[in-house]
Amino acid sequence: TAAASPFPPPASRSPAAAAGRDRTGRRGGSVGRGSSFEMRRRGGGVGAASPTSSTRSSASSSSSLRFKKAEEQVEEDSTTSTSIVPYLPLLLPLLLVYVSNQWSRSSLYYLVNFSDDPAVSPYNAMNLDLGFTEAQYGALASVAFTALFAVASLIAGNLSDRSDRKLLTVASAASWSVATLATAAGSSYAEVVAARVFMGLACAFATPAAYTLIRDLVPRDRSALANSFYGSGVYLGGALASLTILADERLG
């Protein structure tokens, strides 16, 4: 007979208990997996944006985009406007200077009279007062002015690119004003010729300075209109020069 063991035998696990624990574990695992899936499904539903909020966000973005485009269009229209009103403080003085330029150089044409009209006298005809011929008048009206004017224009363009254009314009206008007074005060043909030559030199510097000022201070989309506005001074000055006849008849 075998000897009895001093230790108690290990507790035996019944098949039913083992089966129960296995079922519990499998059920627990099933429940855990189900709960996790359910939580993930619900969590995904909470995190996803609803159709209503997405539609509202898209409508708001579209409205903001349309408003921004409208602002840009208004700004573009104002930029490309053909108005030169904001630049009149620059253009009006330049125009007046140009009118004076043309008036001064063209007034000589209306101060002579070579007709045989008995009413013509040295009082209202420079050619009779100073005693010069038609040929001398031709030289006075053309070569005396244009010869130095053409050469000085090249120098004027170079100076306009490198110097103060406003100061150059003021100096030019003051110089041809002096030349105009010298022409009126001249007591001989030679003095009038000298005044005419000096006038051609002075008048050459105004136009290049004016055009470069317009180029630098007026936007490109308005430069053509600004140049046309300034260029009208040629015709305004010529028209005013023709009125010199009236002043000549009254003042001599």
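Arg165, Arg215 and Asp216 are linked in a network of salt bridges. A salt bridge here is a side-chain nitrogen of Lys or Arg within 4 Å of a carboxyl oxygen of Asp or Glu. The model is predicted: local features need pLDDT of at least 70, side-chain atom pairs count only at pLDDT 80 or more, and totals for chains, interfaces and linings use all residues. Residues are numbered from 1 along each chain as its sequence is written, and side-chain values use heavy atoms, with hydrogens and water left out.

The structure holds 2 salt bridges. One of them joins the side chains of Arg165 and Asp216, at 3.1 Å from N to O. Arg165 belongs to helix H7 (residues 165–185) and Asp216 to helix H9 (residues 206–217), so the pair ties together parts that are 51 residues apart in sequence. Helices (H or I, at least four residues) are DSSP runs, numbered from the N terminus, as are strands (E, at least two).

Asp216 also forms a salt bridge with Arg215, where the closest N and O atoms are 2.9 Å apart. Arg165 counts as buried at 16%, Asp216 is partly exposed at 42%, and Arg215 is exposed at 51%.

An unreviewed UniProt entry lists residues 135–155, 193–214 and 226–247 as "transmembrane region". UniProt positions are given in the numbering used here, feature names are shortened, and annotations may be inferred rather than shown by experiment. In the model, residues 135–155 are 95% helix and 0% strand, with their end C-alpha atoms 30 Å apart. For residues 193–214, the end C-alpha atoms lie 33 Å apart, and the span is 91% helix and 0% strand.

Terms used. Buried < 20%, exposed > 50% of the residue type's maximum accessible area, 1.4 Å probe, protein only.
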